[in-house]
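Visitor: I want to learn how to read a model like this one. Can we go feature by feature?

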Amino acid sequence: MRPVTRRQADHHAARSAATRAQVMSTLERLLDSGEAFSEISVQRILEEAGVSRATFYAHFQSKSDVLVRLTDELRESLLTLARQWDPGAGAERFARFFEEVIKIHRAHQGVLTAVREAASYDSAVGDFYTADLEGFDEAVLRTLLSEQAAGATPADLDAVAASRIIVWGGAQAIAHHIRVDDGSGDAVFARELARIWWHGAYRRPAGAR
């Protein structure tokens, strides 16, 4: 048997990447058109993407796997923003951050809606969705503890409870806002969410009741 050359290997890898991208973009397009994830069959994805069933299962375990990979790419975009958090920059900087978060959520609303839908009955998606929010929860907790250590956030704040409330509650609030708002209220919503985070946790007055 002839050995596989580097060029052949690179070509195969490029074709595999292109196939994965085609399948993923197909699912996202179907979701963006308003179709429910539960109603989209693997066969529908195959027909729309123009790939065979064998090719599909050579790259994905299931349609839920496609959804998880789509969401994983989206999570990386959001984590990149989260890593730029600077609590010392103030509430207005938080407002700009949330405007970007909402912008990304709007651009991928179909995928995020599908994840929330599937998380209720698909354990793989549910585990991913939970781990996703837990990752942001941990990031916020670290910043709160760091700010407490620096004396900027009051010591009487329960950082664990606060991070859980603002991350998990914030995610639900953003999802609801996008469902009921046409985008004209995004800046105001981002500002209010930022002020709640900032004044309610990061710079809450010490001993506030």
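**Reading the features**

Guide: The classes are buried (under 20% relative accessible area), exposed (over 50%) and partly exposed (in between), using a 1.4 Å probe and protein chains only. This is a predicted model: local features need pLDDT of at least 70, side-chain atom pairs count only at pLDDT 80 or more, and totals for chains, interfaces and linings use all residues. Residues are numbered from 1 along each chain as its sequence is written, and side-chain values use heavy atoms, with hydrogens and water left out.

Visitor: With which residue does Arg44 meet in a salt bridge?

Guide: First the rule: a salt bridge is a side-chain nitrogen of Lys or Arg within 4 Å of a carboxyl oxygen of Asp or Glu. Here the Arg44 side chain meets that of Glu48, at 3.3 Å from N to O. Glu48 is also partly exposed, with 33% relative accessibility.

Visitor: How many salt bridges does the rule give?

Guide: The count is 10.

Visitor: Now a pair from elsewhere. With which residue does Asp181 form a salt bridge?

Guide: Asp181 pairs with Arg106, at 3.5 Å from N to O. Asp181 is in the loop between α8 (159-180) and α9 (186-202), and Arg106 is in helix α5 (residues 91-107), so this pair ties together parts that are 75 residues apart in sequence. Arg106 is partly exposed, at 23% relative accessible area.

Visitor: What is the distance in the salt bridge of Arg106 with Asp186?

Guide: The closest N and O atoms of Arg106 and Asp186 are 2.8 Å apart. That pair links distant parts of the chain, from helix α5 to helix α9, 80 residues apart. Asp186 is buried, at 14% relative accessibility.

Visitor: Is Asp182 buried or exposed?

Guide: Asp182 is exposed, at 66% relative accessibility. It is found in the loop between α8 and α9. Its C-alpha atom is 9.9 Å from that of Arg106, 76 residues away along the chain.

Visitor: With which side chain does Asp182 make a polar contact?

Guide: A polar contact is a pair of N or O atoms within 3.5 Å; within protein, one must be able to donate a hydrogen and the other to accept it, and residues adjacent in sequence count only if both atoms are side-chain atoms. The Asp182 side chain makes one with the side chain of Ser184, at 2.7 Å.

Visitor: And Thr26: which backbone oxygen does its side chain reach?

Guide: The Thr26 side chain reaches the backbone oxygen of Gln22, at 2.7 Å. Thr26 is in helix α1 (residues 6-32) and is buried, at 2% relative accessible area. Contact means heavy atoms within 4.5 Å. Leaving aside neighbours within four places in sequence, Thr26 is in contact with Ile45, Glu48 and Ala49.

Visitor: Which residues lie nearest the centre of the largest cavity?

Guide: Leu78, His105, Leu133, Phe136 and Ala171, out of 23 lining residues. Elements giving two or more residues to this lining are α4 (63-82), α5, α6 (109-119), α7 (123-149) and α8. Helix α8 gives the most, with six.

Visitor: How do the lining residues of the largest cavity divide?

Guide: Ala, Val, Leu, Ile, Met, Phe, Trp, Tyr, Cys and Pro count as nonpolar, Asp, Glu, Lys and Arg as charged, and the others, Gly among them, as polar. The lining of the largest cavity has 17 nonpolar, three polar and three charged residues.

Visitor: What does His105 touch?

Guide: Not counting residues up to four places away in sequence, His105 touches Leu78, Leu112, Ile174 and Ile178. His105 lies in helix α5 and is buried, at 13% relative accessible area.

Visitor: Which residues line the second largest cavity?

Guide: Gln84, Trp85, Asp86, Arg93, Phe94 and Phe97. That cavity holds about 50 Å³ of space. Its lining divides into three nonpolar, one polar and two charged residues.

Conventions: Helix = DSSP H or I, 4+ residues; strand = E, 2+ residues; numbered from the N terminus. 1 Å grid on protein atoms, 1.4 Å probe; cavity = no way out; pocket = protein on both sides within 12 Å on 5 of 7 lines; lining within 4 Å. Points joined across faces, edges and corners; volume = space filled by probe spheres on them.
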